[in-house]
Amino acid sequence: PSHPFGTMEGQYDIYYGCIWGTRTAFRVGLYAEGGSLLIGLLIGVIAAYYGGWIDEVLMRFTDVIFAFPGLILCMAFVVVLVPMGFERLDAVMIALVLVGWPGYSRLIRGEIFRVKNEDYVEAAKSVGCSDLRIILRHILPNSIYPVLIVFTLGLGTIVLAAAALSFLGLGASPGYSDWGQIIALSRNWIYTSPENPFGYWYTFVIPGLFISLFVLGWNLLGDALRDVFDPTLRRK
């Protein structure tokens with residue numbers, strides 16, 4: 001009765017790991033995806049608004065990040081950051097930020113290109129508004145909605161990446177409540193014996209359901225926001 005979901009290797013309680021792992025998932029999702037969003041917005045806005053050689057330099061740097069597989073690059077960053085003194089989970093979040101921002105920069109850059117030559121932006125320039133005021137009051141409010149939708153969808157995806165790193169041994173410290181680490185500790189019990197091949201199914205099915213439901217929930221929220229913000233869908 002004290003272990004409603006059973007225990008896994010090392011006698012860790014699965015119920016405790018799944019419930020407290022939810023907090024870890026929110027922490028990783030909000031911090032890592034939020035950091036990616038802020039950096040991507042900053043670089044994308046500067047590149048699109050000023051254009052020219054600034055846009056060329058920033059976008060070529062973005063292409064360099066895109067040239068590497070995301071998970072492999074995250075692993076490389078984690079391996080470098082942990083010996084520098086960062087706690088392992090913090091190193092994972094920093095690595096996810098360093099890998100995740102280019103997508104946001106490309107998206108907001110395209111949206112700003114779409115709106116920066118609109119009449120209301122030209123009117124703001126003609127009356128002497130500063131660049132910062134034009135960006136914050138006129139351009140971003142009319143181009144941010146697709147980014148918010150992608151951010152919501154990314155909250156689920158980023159947790160999958162963090163769980164993958166934990167499964168590979170590069171995530172949270174041993175004993176820390178993390179869904180990926182629970183799956184890693186349960187992999188020896190996926191198949192037990194010919195007489196009872198799936199006797200310990202709960203060790204990997206239950207944490208897998210938590211991960212799936214977390215990602216599904218954010219995906220459904222992202223779809224709902226898309227339906228709300230997309231004017232073409234509202235007209236239908």
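Visitor: How many nonpolar, polar and charged residues does the lining of the largest pocket have, by class?

Guide: As a general idea, rolling a probe the size of a water molecule over the atoms shows where empty space is left. In this predicted model, the lining of the largest pocket has 13 nonpolar, 5 polar and 1 charged residues, and the space in that pocket comes to about 300 Å³. Of the 19 residues that line the largest pocket, Leu 96, Val 99, Gly 100, Gly 103 and Ile 158 are the closest to its centre.

Visitor: Which elements give two or more residues to the lining of the largest pocket?

Guide: Those elements are helix 2 (52-66), helix 3 (70-81), helix 4 (88-115) and helix 7. Helix 4 gives the largest share of the lining, with 7 residues.

Visitor: How many cavities of 30 Å³ or more does the structure hold, and which residues line the largest cavity?

Guide: The structure holds 2 cavities of 30 Å³ or more, and the largest cavity has a volume of about 70 Å³. Its lining consists of Gly 21, Thr 24, Ala 25, Val 28, Val 159, Ala 162, Ala 163, Asp 178, Trp 179 and Gly 180. At least two residues of that lining come from each of helix 1 (14-50), helix 7 and helix 8 (179-186), and the largest share, 4 residues, comes from helix 1. By class, the lining of the largest cavity divides into 6 nonpolar, 3 polar and 1 charged residues.

Visitor: Which residues line the second largest cavity?

Guide: About 30 Å³ of space lies in the second largest cavity, and the residues that line this cavity are Ala 25, Phe 26, Gly 29, Leu 30, Leu 155, Val 159, Phe 214 and Trp 218. The lining of the second largest cavity has 7 nonpolar, 1 polar and no charged residues.

Visitor: At what angle do helix 7 and helix 9 pack?

Guide: Helix 7 (residues 145-167) and helix 9 (residues 202-229) pack at an angle of about 170°, and their axes are 8 Å apart. Angles over 145 degrees count as roughly antiparallel, and therefore helix 7 is roughly antiparallel to helix 9. On the side of helix 7 the contact is made by Tyr 145, Ile 149, Thr 152, Leu 153, Leu 155, Gly 156, Val 159, Leu 160 and Ala 163. Helix 9 takes part through residues including Ile 211, Phe 214, Val 215, Trp 218, Asn 219, Leu 221 and Gly 222, and also Asp 223, Leu 225, Arg 226 and Phe 229. By class, this contact of helix 7 with helix 9 has 14 nonpolar, 4 polar and 2 charged residues.

Visitor: Which side chain meets that of Arg 27 in a salt bridge?

Guide: In general, side chains of opposite charge can pair when their charged atoms come close. In this structure the count comes to 6 salt bridges, and in one of them the side chain of Arg 27 meets that of Asp 90 at 3.0 Å, N to O. Arg 27 lies in helix 1 and Asp 90 in helix 4, 63 residues apart, and the pair links distant parts of the chain.

Visitor: How many helices and strands are there in the protein?

Guide: There are 10 helices and 0 strands, and from the N terminus on the elements run α-α-α-α-α-α-α-α-α-α. The C-alpha trace of the protein spans about 80 × 50 × 30 Å along its principal axes.

Methods: Residues are numbered from 1 along each chain as its sequence is written. Side-chain values use heavy atoms; hydrogens and water are left out. Axes are lines fitted to C-alpha atoms, for helices over the stretch in contact, and angles run from 0 to 180 degrees between N-to-C directions. Angles under 35 degrees count as roughly parallel, over 145 as roughly antiparallel, 65 to 115 as roughly perpendicular and the rest as oblique. Contact means heavy atoms within 4.5 Å. Ala, Val, Leu, Ile, Met, Phe, Trp, Tyr, Cys and Pro count as nonpolar, Asp, Glu, Lys and Arg as charged, and the others, Gly among them, as polar. On a 1 Å grid over the protein atoms alone, a cavity is a set of points where a 1.4 Å probe fits but cannot get out, and a pocket is an open set with protein on both sides within 12 Å along at least five of seven lines; lining residues have an atom within 4 Å of a point. Grid points are joined across faces, edges and corners, and a volume is the space filled by probe spheres set on the points. A salt bridge is a side-chain nitrogen of Lys or Arg within 4 Å of a carboxyl oxygen of Asp or Glu.
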